[in-house]
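Colleague: Before I use this model, I want the terms behind its description checked one by one. Can we take each label and set the value against the cut-off?

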Amino acid sequence: MTDTTLQRKNSVELERWLAEIRKAEERLRRFPDQNGRSNPNRPRSAAIRWVLNFARVNLDNLSEGDLTNLRFELQHLSRIEMYLDKGWSVDFARPWPEKEHIVTTQQWLQQAIRAILEGGYLSFVEPERSWSLFYDDKERRWNVSDMVIGDYLKIEMFRLIREHIHHLQKCRCNDCEQLLFLKDRQNQEFCSNRCKWRHAQRHRPDRTIPPERFGKRGRPPGTGPTKGKTNGQKKIKKAAATRRPHSRRVSTKRS
């Protein structure tokens, strides 16, 4: 394979990579809250919601396509340089980040969230940043580049947590699957309208059934609209009871 063919192949793969990175950026920018609402004008809020959701994702149940999308979203989250020079060659032989790296990052994030819930102590050492100067012969000028020595994913996740720590709260609904949620207002106690409704149903003042008998939708088992027969089945039964029997017609034709 000649140098021209290799450069053309790397250019095509680079364009595909940039296209996937832009798609991942759009998904992170429009990541919705628990009520399904998204605000692309607040990308940092959407990013911390994505991070909190990443902490509870079951990585073993992800398909190959979902795992690939997750890798691109993590690459965008780690602030990898998106606009590379066309003369650079990018190695696409091994996907980044690897599955083991994603697992360790999720475990670290879960420990950080657990420390916040328990009111404990959360610390993170900011990594070192190395600077370098190099002379560009083509442009005939000096260029400056910097490199952060450390885990890019943990760095950005900790910065998002530090930025929104005063707006992170645990949902008041006892069996909410969300570990933490981002408050939109100071007096918000529930992560979504669904959790608010379920909590209200289970703590009604006229409720006499113990909470351990409540179902997932907030009502005691057997007391919902599906108790016995549904409304549609009742209507069919009532219509069948009031229907007149069919009378046989007697033929008046003479043979």
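Colleague: What makes the backbone nitrogen of K138 and the side chain of D136 a polar contact?

Modeller: The backbone nitrogen of K138 is 3.1 Å from a polar atom of the D136 side chain. A polar contact is a pair of N or O atoms within 3.5 Å; within protein, one must be able to donate a hydrogen and the other to accept it, and residues adjacent in sequence count only if both atoms are side-chain atoms. The distance of 3.1 Å is within that limit of 3.5 Å, so the pair qualifies on distance. This is a predicted model, in which local features need pLDDT of at least 70 and side-chain atom pairs count only at pLDDT 80 or more, while totals for chains, interfaces and linings use all residues. Residues are numbered from 1 along each chain as its sequence is written, and side-chain values use heavy atoms, with hydrogens and water left out.

Colleague: What is D136 in contact with, leaving aside its neighbours within four places in sequence?

Modeller: R141 and N143. Contact means heavy atoms within 4.5 Å.

Colleague: Why is the pair of D184 and R37 called a salt bridge?

Modeller: Their side chains meet at 3.9 Å, N to O, so the pair is within the 4 Å limit. D184 sits in the loop between β4 and α6 (193-202), and R37 in the loop between α1 (3-29) and α2, 147 residues apart. D33, R37, R49 and D184 are linked in a network of salt bridges. The whole structure holds 14 salt bridges.

Colleague: How do you know that E189 and R172 pair in a salt bridge, and which parts does the pair tie together?

Modeller: The closest N and O atoms are 2.7 Å apart. E189 is in the loop between β4 and α6 and R172 in the loop between β3 and β4, so the pair ties together parts 17 residues apart in sequence.

Colleague: Why is the aromatic pair of W50 and F54 called stacked?

Modeller: Rings of Phe, Tyr and Trp (its six-membered ring) pair if their centres lie within 6.5 Å; planes under 30 degrees apart count as stacked, over 60 as edge-to-face and the rest as tilted. The search of the whole structure finds two aromatic pairs. For W50 and F54 the centres are 5.6 Å apart and the planes at 0°, so the pair is stacked. Both residues lie in helix α2 (residues 43-54), four residues apart, about one turn of the helix.

Colleague: What makes Y135 and W142 edge-to-face?

Modeller: The centres are 5.5 Å apart with 65° between the planes, so the angle is over the 60 required. W142 is exposed at 57%, whereas Y135 is partly exposed at 41%.

Colleague: What makes a nonpolar core, and which residues of the largest one touch the most other members?

Modeller: A nonpolar core is a set of buried Ala, Val, Leu, Ile, Met, Phe, Trp, Tyr and Cys residues joined through side-chain atoms within 4.5 Å. The largest has 27 residues, and W50 and L109 touch the most other members. The elements giving two or more residues to this core are α2, α3 (64-77), α4 (99-117) and α5 (152-163). Seven residues, the largest share, come from α2.

Note on methods
Buried < 20%, exposed > 50% of the residue type's maximum accessible area, 1.4 Å probe, protein only.
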